[in-house]
Amino acid sequence: MKHILPPLPYDYAALEPHIDARTMKLHHDMHHASYVEKLNAELEKYPELDERTATWLLRNRGKVPEAARKSVHNNAGGHVNHSMLWRAMSPDGGGEPTGALADAIKRDFGSFAKFKTSFAEAGGKVFGSGWVWLVSVRQDGGKLQVETTTGHDNPLTQGHFPLLVNDVWEHAYYLKHENRRPEYLAGWWAVTNWEEAARRFVLASGAVAGELEDEAGLSVATMA
Ligand SMILES: [Fe+2]
């Protein structure tokens with residue numbers, strides 16, 4: 001099995017003016033592509049991992065041979081996280097969540113405005129390269145919380161199910177926003193894909209563990 005770069009679900013310029021086309025092209029075609037290439041190159045040496053999904057590799061770090069463990073974790077994480085990111089944004093995005101997801105955000109953060117503040121502040125505080133997430137914690141009755149990860153770590157490794165994600169690596173915003181990460185995070189709400197977050201919220205609350213793994217970031221269709 002070769003891991004495959006999923007196509008962007010919209011044009012490079014579709015998220016303008018909030019995210020510029022050049023950033024999107026570099027981010028998808030160079031950065032994400034390189035994680036997929038490096039993951040495939042590393043896995044060529046380990047045929048026993050041939051049928052494993054990128055999500056499985058992330059969640060089962062200890063079962064990857066030690067010599068490849070760090071590289072596989074970083075590149076599988078880069079692949080899964082970016083695959084989630086493209087779907088967490090949409091040219092038709094913005095606005096507010098509705099229905100059960102909106103109710104859960106109000107229940108766990110107090111209000112949508114408080115959630116946005118919490119997410120943006122957490123994203124702004126990530127030191128160096130990392131990610132900011134809205135997750136559902138199954139072990140805590142599906143409670144929603146904001147988390148951050150460094151490098152390409154993913155909350156799935158803690159058993160937390162991501163509903164929404166944003167990338168705070170400099171390559172996600174530096175061309176347009178330079179060092180002004182808070183400005184990028186503030187503008188991001190205009191392209192946030194709440195339909196995708198709501199779809200994942202349903203998965204998080206209803207799916208069994210095996211289904212979660214398949215739906216965690218990559219559908220089977222993104223792999224050959
Ligand atoms: Fe990125």
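Okay, let's start with a contact: H32, Y35, V36, K38, L39 and E42 in helix 1 meet A68, S71, V72, N75, A76, G78, H79 and H82 in helix 3. If you sort the residues of that contact by class, you get six nonpolar, six polar and two charged. Before I go on, please keep in mind that this is a predicted model.

So how do these two helices sit against each other? Helix 1 covers residues 21-43 and helix 3 covers residues 66-87, and they pack at an angle of about 140°, with their axes 8 Å apart. As for the handedness, helix 1 passes helix 3 in a left-handed crossing.

Now for another pair, helix 5 and helix 7. Helix 5 is residues 112-125, helix 7 is residues 181-188, and here the packing angle is about 150°, with the axes 9 Å apart. Because of that angle, helix 5 is roughly antiparallel to helix 7. The crossing of helix 5 past helix 7 is right-handed.

Which residues make the contact here? On helix 5 you'll find A120, G123 and G124, and on helix 7 it's R181, P182, L185 and A186. By class, the contact of helix 5 with helix 7 comes out as four nonpolar, two polar and one charged.

Right, on to the strands. A quick reminder for anyone new: strands of a sheet pair through backbone hydrogen bonds, either parallel or antiparallel. In our model there's an open sheet of three strands, in the order 2-1-3, and the pairing is antiparallel. So which strands are at the edges? Those are strand 2, at 143-150, and strand 3, at 160-167, and each of them pairs on one side only. On average, neighbouring strands of this sheet are turned by 25° against each other, direction ignored.

Let's walk across the sheet. Strand 1, residues 130-137, is joined to strand 2 by eight bridges, and the two run antiparallel. If you want one to look for on screen, take V135: its bridge partner in strand 2 is Q145.

Strand 1 also has seven bridges to strand 3, again running antiparallel. Here you can look for V137, which stands opposite H160 in strand 3.

One last thing: is strand 3 mostly covered or mostly open? Strand 3 is mostly covered, with eight of its eight residues buried. Thanks, everyone!

Terms used
Residues are numbered from 1 along each chain as its sequence is written. This is a predicted model: local features need pLDDT of at least 70, side-chain atom pairs count only at pLDDT 80 or more; totals for chains, interfaces and linings use all residues. Axes are lines fitted to C-alpha atoms, for helices over the stretch in contact, and angles run from 0 to 180 degrees between N-to-C directions. Helices (H or I, at least four residues) and strands (E, at least two) are DSSP runs, numbered from the N terminus. Angles under 35 degrees count as roughly parallel, over 145 as roughly antiparallel, 65 to 115 as roughly perpendicular and the rest as oblique. A crossing is left-handed if the near helix is turned anticlockwise from the far one by less than a right angle, and right-handed if clockwise. Two residues are in contact if their C-beta atoms, placed from the backbone, lie within 7 Å. Ala, Val, Leu, Ile, Met, Phe, Trp, Tyr, Cys and Pro count as nonpolar, Asp, Glu, Lys and Arg as charged, and the others, Gly among them, as polar. Two strands pair if DSSP finds at least two bridges between them. A residue is buried if 20 or more other C-beta atoms lie within 10 Å of its own, exposed if 12 or fewer, and partly exposed in between; C-beta atoms are placed from the backbone.
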